[in-house]
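I opened the model to look up aromatic rings and a helix contact. My entries follow.

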Amino acid sequence: MSATEPLWRVFGRIGLLSFGGPAAQIALMHRELVETRRWLTEAEFLRALSFCMLLPGPEAMQLATYAGWRLGGVRGGLLAGGLFVLPGAAVILALAASYAAFGQVPLVAALFLGVKAAVVAIVIEALLRVSRRALNGRAARLIAVGSFAAIFLFGLPYPLIVIAAAAAGAALLPRAAAEPRPLPDNPRLGATLAAGLGLWWAPVAVLALLGQELLVRIGVFFSELAVVTFGGAYAVLAYMTQTVVQDHHWLTTPEMMDALGLAETTPGPLILVTEFVAYLAGAGAGSPALGLAAAGLTLWVTFVPCFLWVFAFAPYIEWIASRPRLGAALAGVSAAVVGVIATLALWFALHLFFATVTEVGLGPFSLTLPEPASIRPAPLLISAGAGVLLIARHWNLLGVLALSALAGAVVPAGF
């Protein structure tokens, strides 16, 4: 099981074929690891999946890392997790460089109009999918509504919403019965945490000493994001959009939508959208070289924590599975994710379907309101069509994106 060559083959294939989001990626790993090779039993796979869903970060990538760790120790975990991420990261880097160079060409801009319209439908489809799983009962629905209001009306930071939702879930949501298990002895926990934290923050510290202010800000922001990425990439996209667009002014809202649309077309975890964002931020502030440095730094601070969580806490997987209050807290965060994704869908829709959008302050509230006369029919119609194909007809995501891009290119300018 620990032989390097089979792990290379299996996890390399998983990394190259990991399109379609976490559900498709997890199904692919189940087929390869449980059904075909029987490297994990069904029960081990499900416990590992539940464990990875408790961790911040992309659960499919962390599941691959855990499987590699089970089969080949730390070396196997690094191999499996790295192969899951690297193919998509290479594609994203190429797409980001091309976008920075050619994104304003009229034909390219028209294609991306269709992509942005499809993104709205994609986020709404994700909202429906997550809500079906997460909103079980009145308390969960109240947490979802509260998280929507907290971020859309009050502009509260996503990390605070995660903490509040976890506390509300632990207090209000039902807890599954489980047989308690003893806390295992893990003498290497301290050394693992120290090494992981040192590796995580070393590049940021070096850049701070070198006076690279922009790169330090990028490193700190995406490190913070890595700690609160519960519920998948869609959950933090609203927070990321709010911070990147409104606070740091690294990107515009249309550029954020383009980033998400392109990330949907690549293998690997959707959180690789952070690499795209960082490249544009660096390239826009300096040069392609600065963009490359920003992208590399962002990959590091996004995924080193993912390895750290798995290597540090995987020995506790049986104990964690027996903590019902922890499961209720996670359910609270999942409910909050529904509200946050709804915020993201509304934010993208308002900025795409209307040419003029204004911020209106009402005491502690801040409302984003469109100018009705500035409605843009073309993206609205393309988005509606993409929604029908995705939600009602169950089309392949890549096919919907391609057709939407084509529609954006053929509609008359200004329609």
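Entry 1, aromatic rings. I find Tyr158, Phe221, Phe222, Tyr239 and Trp250 in one aromatic cluster. Rings of Phe, Tyr and Trp (its six-membered ring) pair if their centres lie within 6.5 Å; planes under 30 degrees apart are stacked, over 60 edge-to-face, the rest tilted.

Basis. The model is predicted: local features need pLDDT of at least 70 and side-chain atom pairs pLDDT 80 or more, while totals for chains, interfaces and linings use all residues. Residues are numbered from 1 along each chain as its sequence is written, and side-chain values use heavy atoms, without hydrogens and water.

The structure holds 12 aromatic pairs. Tyr66 and Trp69 form a tilted one, with 5.7 Å centre to centre and 40° between the planes. They are three residues apart in helix 4 (residues 59-102), so about one helical turn separates them. Helices are DSSP runs (H or I, at least four residues), numbered from the N terminus. Tyr66 is buried at 3% relative accessible area, and Trp69 is partly exposed at 23%. Buried means under 20%, exposed over 50%, partly exposed in between (1.4 Å probe, protein chains only).

The axes of helix 10 (residues 233-247) and helix 11 (residues 253-263) come within 10 Å and cross at roughly 145°. Axes are lines fitted to C-alpha atoms, for helices over the stretch in contact; angles run from 0 to 180 degrees between N-to-C directions. In helix 10, Tyr234, Leu237, Met240, Thr241, Val244 and Val245 meet Thr253, Met256 and Leu260 of helix 11, contact being heavy atoms within 4.5 Å.

How values were computed
Helix = DSSP H or I, 4+ residues; strand = E, 2+ residues; numbered from the N terminus.
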